[in-house]
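Subject: Structure handover

Hello,

Here is the structure for you to open alongside this note. My findings follow below it.

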Amino acid sequence: MSEPLKIAVLVSGSGTNLQAIIDGIADGSVNAQIVKVVSSRPDAYGIQRAEAAGIPTLVLNKEIYADAPAANKLIADECKAAGAEYLVMAGYMRMVLPEILDAFPNRVLNLHPALLPSFKGAHAIADAFNAGVKVTGVTVHFANAEYDKGPIVAQRAVEVAEDDTLDSLEEKIHAVEHQLYPAVVQMIAEGRVTVGDDGKVHIA
């Protein structure tokens, strides 16, 4: 087996997708090593998940983000120093700035709970539900300077059933996230993911 892909995971909340990746590494389905977990909030439960798995953490707060470029440079520098090859945003609710994007070009993954380019923004599940769509889903894409607009790596559809509530749809979306995100990390670890000159992601 090749060397594990070294990643840093950025969180802001409960860290369920972080846990899904930790579990995938533990069961051998994801050939990766999480070298750092960065939290934008000191009360995020994702920090406890990282500590339980023995992963070093970097914990920020709103005072540090008062100077957003400096905060982004700190994150980039700390993740580089830890040996991270890719950054994986898992419920990270801050915009990544050039200080991060330039340090990890086409190597900052983001997870979005809708089928981009539809339903961008922080309320994608509710927006899709309220729009009455019959199919929504999950998108994994590379982050760039435009919010929710980077090159798409993978998507998976989720049917909206007649008896779905917003809560039940959220559960279905999150269940798919927990499958798709580790699978994409594994595809990257296998060297199968490239961004072409056309700006699109190509999967070998």
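The lining of the largest pocket draws at least two residues from each of α1, β5, α5 (124-131) and α6. Helices (H or I, at least four residues) and strands (E, at least two) are DSSP runs, numbered from the N terminus. A pocket here is an open set of points on a 1 Å grid over the protein atoms alone, where a 1.4 Å probe fits, with protein on both sides within 12 Å along at least five of seven lines; lining residues have an atom within 4 Å of a point.

This is a predicted model, numbered from 1 along each chain as its sequence is written, with local features needing pLDDT of at least 70 and side-chain atom pairs pLDDT 80 or more, while totals for chains, interfaces and linings use all residues. Side-chain values use heavy atoms, leaving out hydrogens and water.

Back to the pocket. Its lining has 34 residues, and Gly91, Tyr92, Met93, Leu111 and Pro113 lie nearest the centre. The volume is about 720 Å³, taken as the space filled by probe spheres set on the points, which are joined across faces, edges and corners.

Next, the packing. The largest nonpolar core has 38 residues; Ile7, Val9, Ile34, Leu109 and Val184 touch the most other members. α6 gives the most to this core, with 10 residues. A core is a set of buried Ala, Val, Leu, Ile, Met, Phe, Trp, Tyr and Cys residues joined through side-chain atoms within 4.5 Å. Buried means under 20% relative accessible area, exposed over 50%, and partly exposed in between (1.4 Å probe, protein chains only).

Leucine 109 is in contact (heavy atoms within 4.5 Å) with residues including Val140, Tyr181 and Val184, leaving aside neighbours within four places in sequence. A second, separate core has 22 residues, among them Leu60, Ala76, Leu101 and Ala103.

Two single residues. Asparagine 110 lies in strand β5. Asparagine 110 counts as buried because its relative accessibility is 10%. Arginine 107 is in the loop between α4 (98-101) and β5. At 22% relative accessibility, arginine 107 counts as partly exposed.

Last, charges over rings. The charged end of arginine 94 sits over the ring of tyrosine 65, 4.0 Å from its centre. Lysine 80 has its charged end over the ring of phenylalanine 104, 4.8 Å from the centre. The test is NZ of Lys or CZ of Arg within 6 Å of the ring centre and within 35 degrees of the ring normal.

Best wishes
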